[in-house]
Number of protein chains: 2
Amino acid sequence: MEQIELDDRKKKILIAIIQNYQETGEPVGSRTISKMTELNYSPATIRNEMADLEELGLIVQPHTSAGRIPTDKGYRYYVDQMMEKTQNLPAAASSQEVLIKRVDRVEELLLQMAQVLAASTNYATMVTGPHLKKNKLKFLQISAMGDGRMLAVVVLEGNVVRNNIIEIDETLDQETVSSLNMLLNTHLSGLSIEEINLAVISRMKEEAGQHAATVSRVIDAVAETFARENDFSVYTSGATNIFKYPELTGGDRASELISTLEEKKSLGNALVQYEGESRKNIQIFIGDEVPVDSMKDCSVVTATYELGDGVQGKLGVIGPKRMDYRKVVETLKDTMTQLDHIFKKPEE
Amino acid sequence: MEQIELDDRKKKILIAIIQNYQETGEPVGSRTISKMTELNYSPATIRNEMADLEELGLIVQPHTSAGRIPTDKGYRYYVDQMMEKTQNLPAAASSQEVLIKRVDRVEELLLQMAQVLAASTNYATMVTGPHLKKNKLKFLQISAMGDGRMLAVVVLEGNVVRNNIIEIDETLDQETVSSLNMLLNTHLSGLSIEEINLAVISRMKEEAGQHAATVSRVIDAVAETFARENDFSVYTSGATNIFKYPELTGGDRASELISTLEEKKSLGNALVQYEGESRKNIQIFIGDEVPVDSMKDCSVVTATYELGDGVQGKLGVIGPKRMDYRKVVETLKDTMTQLDHIFKKPEE
DNA sequence: TGTTAGCACTCGTTTGTCTGGAGTGCTAAC
DNA sequence: GTTAGCACTCCAGACAAACGAGTGCTAACA
């Protein structure tokens, strides 16, 4: 993309347009800007500048004789070049935020994160569950349930607990169950799901002797649980916030958006795909850049969270293109800090 | 409520109005009804009858010179008096239904039920998790996680599995954990959550001796898990189906409805409240009868499901007042039958 | 040279008026 | 008891006029 350089006044005008449009949702005209403090120019002057900005593709008129609204490119420019420099948000503004409470169940925590974010941003939010495959196995326990079934409980680092019911052919006495538990834990704990390969498995089967089949079942069940996991673990909140932004609810758009949020799966997939590029941690998708079709009229801001121990996942805020990017980014950063406090401090 | 008796022709007209309005969503006039087969009367005759039906409060005109639409009372009459008798739905109509697959995780099954119901009815659906309190404990297992914490896993009849992480003060060796497990299972298995009373607890504490505190922690944790449970376990699907019915989406109604569905809690509470009256199994709430404020413009049909072993919960379909009550009731019954097949057959 | 006032022009939004159609209730005839 | 006819009501859509917000351009000004 070619580098655009704007003089100071143009920058101020662009910012003014973006901020004003963000608040009102209406195209903003030269008069409005002229009346703002800081910019003591007549409407005519502003108009000349706006014509230039329009030529650069940063703003457009929805129709002749309407005010201007920012284009995707305009927002992109704002986000990339200008957002960080204008620090007019006092730090105190974030003090009214809702705090995340520490809870033991990861699922509950993630849902809570989605809710808190939705409440403090007024946009829709989503949180993907952690990527369990990279996460180490802490502890595994099987126990007989009595009716030809066994219960396998797996605990990963970060206290992610999963259980699975397994049907087995043989009946095991208490003694055997104990020794199988011992065997399983000796070989598996400390490994990530990815690291449980054929070599490990065949070694275990050897040691298990006549119970090799059962061991094999257990491993399969564990693998299946975590494979299935990815489909299920997306949490969303604040879906109805989109009704506050008329540009998102015209026609059938509201319905499509909400059903995308309800289905969750496609969301998670799209987000996870962009994993590799997250070196900057916070990523902003504007309009067409959003990798979900039904959200091409939205902007999405994502961040990667970490619950200690390398358990990480994605967290996203979905709003209109005129969302308050600065506030969203601040809030996300703030949330990360809170998570760090909650998870790092008591454990280190 | 006074008993209303209608002659045959009035009944036919009322049914015609209800069915027509259900399909079109538009007030239906005398001409339309006159043109239907079966009723070979002129519009004028129909008009006279309609005037009578209006006097009885079964139908209304939204405004002068508009057709008639059914009132809540009209629907109620239809549902109570006439629905069962008119069996014009061929049984084959239900053959196209999506089937429920058997899955082990109860949560997954419930979500699936909500989705299947939404897909086959075109309305919004909700499913409350089973009422665990009445459900018997099958199996309980604690195990040391190593860092001063224990993992408690509880299995109820019907294979509902819950886990909870507990912080404890003492460090327990493998031996002790085993004997505590033995103790816990001996005393608790076979009891429902409600039946775990002080007497049982104090007897266990006695036997546990120096580990009484830990036993107490475990019990507390189990109790807390199931208390918290009720808030979380409501599954919904097909929320966006409401956009198909303009009478539900005017103004802010759509937003309110969707957010009620998103919050889930209030839904569950409202439904569970009507527990006691479910002798007939299927219950129909029309308009104002719905115990949720934001759904006063809807109708809700609920049923009580049972997953073998007495594990039961509620299941609801939410749609416009002009919903196809017959089809919804049939679909619900069908779903129940499917559940019975899945859960009764392989176990008995 | 940059800024501003003035002005004609455009176009979307709102308001009011009108008309056609759908539907009704009533009356009188069958 | 049923139906044809008719006057009446009221909504929905079309159309025009008035309005207002905003623009681009030109000319004057510092």
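In this predicted model, strand β3 (residues 124-128) of chain B is joined to β10(B) by four bridges, and the two run antiparallel. Strand β10 (residues 312-320) of chain B also pairs with strand β9 (residues 298-306) of chain B. In chain A, the domain assignment gives three entries, domain 1 (8-82), domain 2 (90-132 + 232-343) and domain 3 (137-229).

**Strand β10 of chain B**

- The pairing of β9(B) with β10(B) is antiparallel and comprises nine bridges.
- B:Glu306 is placed opposite B:Gln312 of β10(B).
- Because eight of its nine residues are buried, strand β10 of chain B is largely enclosed by the rest of the structure.

**Domain 2 and domain 3 of chain A**

- A separation of 35 Å is computed between the C-alpha centres of domain 2 of chain A and domain 3 of chain A.
- Eight residues of domain 2 of chain A and eleven residues of domain 3 of chain A take part in the contact.
- The area buried between domain 2 of chain A and domain 3 of chain A is about 830 Å², with 55% of it on carbon and sulfur atoms.

**Polar and charged pairs between these domains**

- One salt bridge is counted between domain 2 of chain A and domain 3 of chain A.
- A:Glu107 and A:Arg162 form a salt bridge in which the closest N and O atoms are 2.0 Å apart.
- The count of residue pairs in polar contact between domain 2 of chain A and domain 3 of chain A is one, with both residues at pLDDT 80 or more.

Notes. Residues are numbered from 1 along each chain as its sequence is written. Chains are lettered from A and ligands numbered from 1 in the order in which they are written. This is a predicted model: local features need pLDDT of at least 70, side-chain atom pairs count only at pLDDT 80 or more; totals for chains, interfaces and linings use all residues. Side-chain values use heavy atoms; hydrogens and water are left out. Buried means under 20% relative accessible area, exposed over 50%, partly exposed in between (1.4 Å probe, protein chains only). Two strands pair if DSSP finds at least two bridges between them. Domain bounds come from an automatic or database domain assignment. Contact means heavy atoms within 4.5 Å. Buried area is the accessible area (1.4 Å probe) that two parts lose on being put together, summed over both. A salt bridge is a side-chain nitrogen of Lys or Arg within 4 Å of a carboxyl oxygen of Asp or Glu. A polar contact is a pair of N or O atoms within 3.5 Å; within protein, one must be able to donate a hydrogen and the other to accept it, and residues adjacent in sequence count only if both atoms are side-chain atoms.
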